[in-house]
Amino acid sequence: MLVTDPLFDVARPRPVLASRLLHEGRIWDLRSDDVDLGEAGVVTREWIDHPGAVATIAVDDEGRVLLLRQFRHPVGRELWEPPAGLLDVAGEEALLAAQRELAEEADLRAATWHVLADYFTTPGGNNEALRVFLARDLSPVPEDERHVREDEEMSMVPAWVSLEEAVDGVLQGRLHNPSTVVGVLALAAARAHGYEHLRPGDAPWPERRA
């Protein structure tokens, strides 16, 4: 197939003949659906119903990127990640969630916000939509307004690295967090084009779960 128009993912769901809740979790649920694929027949697919998330690539005046080292139990590793968090506050706008997470996890605020990338983390197994923001013109959160970190966040270690070092870490297979991979490479592409094609921080996001 020869594609002559710009590539564009489209919403085109198939009929769901039956849906079952297999497990109701604290953050996300496991479901099983019988899906009618037309000529291909009816298939059963188990998938995770996820609230979605945001991540922020914060860049300082020297062009360095902030990454946080955080333990992730499912993979048994400490990963270098951008500040990020779930969209688990009802009605909260994605940009406000990103601003909240940047303040809570990195003690930072930003005056300039853009969207770097939107992606589905695991479209074959869950519906998690994740938006990666670019935050610039940073300033510290005052000491008396800082968030008290708990659980895995208590042991997070921050590091400011050059974009070149971060890109090398992705391409050499040393960095594995998906928002780090997507965000760092998107930032490199955006910078190469003078940040001309970035969307505003409050750009529409129809892929986010209603």
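D118 is partly exposed, with a relative accessible area of 25% (buried is under 20%, exposed over 50% and partly exposed in between, using a 1.4 Å probe and protein chains only). This is a predicted model, so local features need pLDDT of at least 70 and side-chain atom pairs count only at pLDDT 80 or more, while totals for chains, interfaces and linings use all residues. Residues are numbered from 1 along each chain as its sequence is written, and side-chain values use heavy atoms, with hydrogens and water left out.

D118 pairs up with R131 in a salt bridge, 2.7 Å from N to O (that is, a side-chain nitrogen of Lys or Arg within 4 Å of a carboxyl oxygen of Asp or Glu). D118 sits in strand β8 and R131 in strand β9, so the pair ties together parts 13 residues apart in sequence. R131 is buried, at 1% relative accessibility. R199 also forms a salt bridge with D118, with the closest N and O atoms 2.9 Å apart. R199 belongs to strand β11 (residues 199–200), so this link ties together parts that are 81 residues apart in sequence. Strands here are DSSP E runs of at least two residues, helices are H or I runs of at least four, and both are numbered from the N terminus.

## Other charges

The structure holds 12 salt bridges. One of them joins R100 to E92, at 2.7 Å between the closest N and O atoms. E92 is buried at 14%, and R100 is partly exposed at 22%. Shared partners join E92, R100, E101 and E104 into one network.

A polar atom of the E105 side chain does lie 3.1 Å from the backbone nitrogen of A84.

## Helix α3 and the core

The largest nonpolar core has 23 residues, and I57, V65, L116 and L187 have the most contacts inside it. Such a core is a set of buried Ala, Val, Leu, Ile, Met, Phe, Trp, Tyr and Cys residues joined through side-chain atoms within 4.5 Å. Elements giving two or more residues to this core include β4 (53–58), β8 (108–120) and α3 (178–192).

Beyond its neighbours within four places in sequence, L187 is in contact (heavy atoms within 4.5 Å) with I57, V59, V65, L116, L134, L163 and Y195. Buried residues of α3 include S179, G183, L187 and A190.

How values were computed: A polar contact is a pair of N or O atoms within 3.5 Å; within protein, one must be able to donate a hydrogen and the other to accept it, and residues adjacent in sequence count only if both atoms are side-chain atoms.
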